[in-house]
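Here is a short report on one protein chain. Look over the sequence and the model first, then read on.

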Amino acid sequence: MHFEDGVIPTDYLGYVRKKHLWILGGVALLFILLIASISVGAVNIPPYDVFLSLVNGVVDRISLLLNPGTVLDASNTDRIIWNIRLPQALAAIVAGIGLSVAGVAMQSILRNPLGSPFTLGISNAGAFGAAVSVILLGTGQMHSSVADAVTVSNPYLTTIVAFFFCLIATAVILLISRIRGTSPEVMVLAGVAISSLFTAGTMFLQYFADDTQLAAVVFWTFGDVSRAGWQELGLMALVVAGATLYFVANRWNYNAIDAGDETAKGLGVNVEAIRNVGMVVAALVSAVIVSFLGVIGFVGLVCPHMVRRLIGDDQRFLIPGSCVMGGILLLASDTVARIIVAPYVLPVAVLTAFLGAPTFIYLLLRGYRR
């Protein structure tokens, strides 16, 4: 952007400052929610103790890296925070960021306000992969415990199979779009068709499954961030961080595509390449999250629309804003899901569906900003 005599108008500085303040306010709210989320549960921990445990834990782990022989003395509270609640809370933040940034990129790439990674049928492909693993490979088990009556005995195999089918769905959609052209309509319709196909496949397998296998498949499809440990969290964070950096680097290209394909091509943007690569990256993020946590809907669909109403649709601010909003929404939903029917813990996907569906209908009725 060029300004006369190199002077940036005050109105523009105020415009940018307002966007930055919204995003920084969201980051502050996300940190407060993180402390609150860790403090509540079957054992309530005062927020101040949570903060001290996090600070001391970071210092202790830095000391351990510098002096490998150091022995850490952890209390029961520290074990609850670092081994159970912190990984779950961070998994909710990472998954929320990943689903939201993939959703905002998909809506720009497809130039469709209903676009999201789930429009591609990736979640249904992952559910089908889990059904294949549980029913055909025998990874579902029945236990005598009432709390854990049904579990997936080999979660890593289930995750790998689910991820494999997620990538198959992406490859088929890209192949169809290459044959028929990379128009947004072709990609969306291909995603709907693939989603229906994998849903039919899942129902076919469930029809021939026994009670234990059927219960295990249903258990897996409930999106639940508590399944992720530190190892899974690290892999998800790596993929989400790389994808977010890619989308941020292409923010100007997405702004151009929002103005129309012809306009973007006139500005020198390779629309087909940006669209195809963006689809693959969004699909990869969604596949990793779905394969580790199960199906979590509406986050990637609703969050970008919520942020558009707050800070507009400039991708420079919309992408980071959607990341923050996704982390807030999923972390808040997970926190409420753990306490709303205590001592039972609801899977977070149940709550996001209850909250997301009415919110999205409201957005549609009020009209969306593009």
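## Overview

A residue counts as buried under 20% relative accessible area, as exposed over 50%, and as partly exposed in between (1.4 Å probe, protein chains only). Buried residues make up 47% of the 370 residues in this chain.

This is a predicted model: local features need pLDDT of at least 70, side-chain atom pairs count only at pLDDT 80 or more, and totals for chains, interfaces and linings use all residues. Residues are numbered from 1 along each chain as its sequence is written, and side-chain values use heavy atoms, with hydrogens and water left out.

The chain has 14 helices and two strands. Both are DSSP runs, numbered from the N terminus: helices are H or I with at least four residues, strands are E with at least two. A contact means heavy atoms within 4.5 Å. Of the contacts in the chain with a separation of 6 or more, 77% are between residues 24 or more positions apart.

## Helix H2

Helix H2 covers residues 47-66. The expected span of a helix is 1.5 Å times one less than its number of residues.

Which residues of H2 are buried? They are Val-50, Ser-53, Leu-54 and Gly-57. Seen down the axis of H2, these buried residues fall within an arc of 100°, so they line one face of the helix. The arc is that of the directions from the helix axis to the C-beta atoms. An α-helix has 3.6 residues a turn, so residues three or four places apart point the same way. On the other side of H2, Tyr-48 and Leu-66 are exposed.

Helix H4 is largely enclosed by the rest of the structure, because 13 of its 15 residues are buried. Gly-138 follows H4 and has a positive phi, near 70°.

The axes of H4 (residues 122-136) and H7 (residues 211-221) come within 9 Å and cross at roughly 150°. Axes are lines fitted to C-alpha atoms, for helices over the stretch in contact, and angles run from 0 to 180 degrees between N-to-C directions. On the H4 side, Gly-126, Ala-127, Ala-130, Ala-131, Val-134 and Ile-135 take part. They meet Gln-213, Ala-216, Val-217, Trp-220 and Thr-221 in H7.

## Ala-127

Ala-127 sits in H4. Its relative accessibility is 10%, so Ala-127 counts as buried. Not counting residues up to four places away in sequence, Ala-127 touches Thr-202, Trp-220, Thr-221 and Val-295. Ala-127 and Gly-201 are 74 residues apart in sequence and 9.7 Å apart in space, C-alpha to C-alpha.

## Salt bridges

How many salt bridges does a search of the whole structure find? It finds four. A salt bridge here is a side-chain nitrogen of Lys or Arg within 4 Å of a carboxyl oxygen of Asp or Glu.

One of them joins Asp-261 and Arg-275, at 3.1 Å from N to O. This pair links distant parts of the chain: Asp-261 is in helix H10 (residues 261-266), Arg-275 is in helix H11 (residues 271-293), and they are 14 residues apart. Arg-275 is buried, at 1% relative accessible area. Another bridge pairs Glu-272 with Lys-265, with the closest N and O atoms 3.3 Å apart. Glu-272 is partly exposed at 32%, and Lys-265 is partly exposed at 40%. Arg-316 bridges to Asp-314, with the closest N and O atoms 2.7 Å apart. Asp-314 is buried at 14%.
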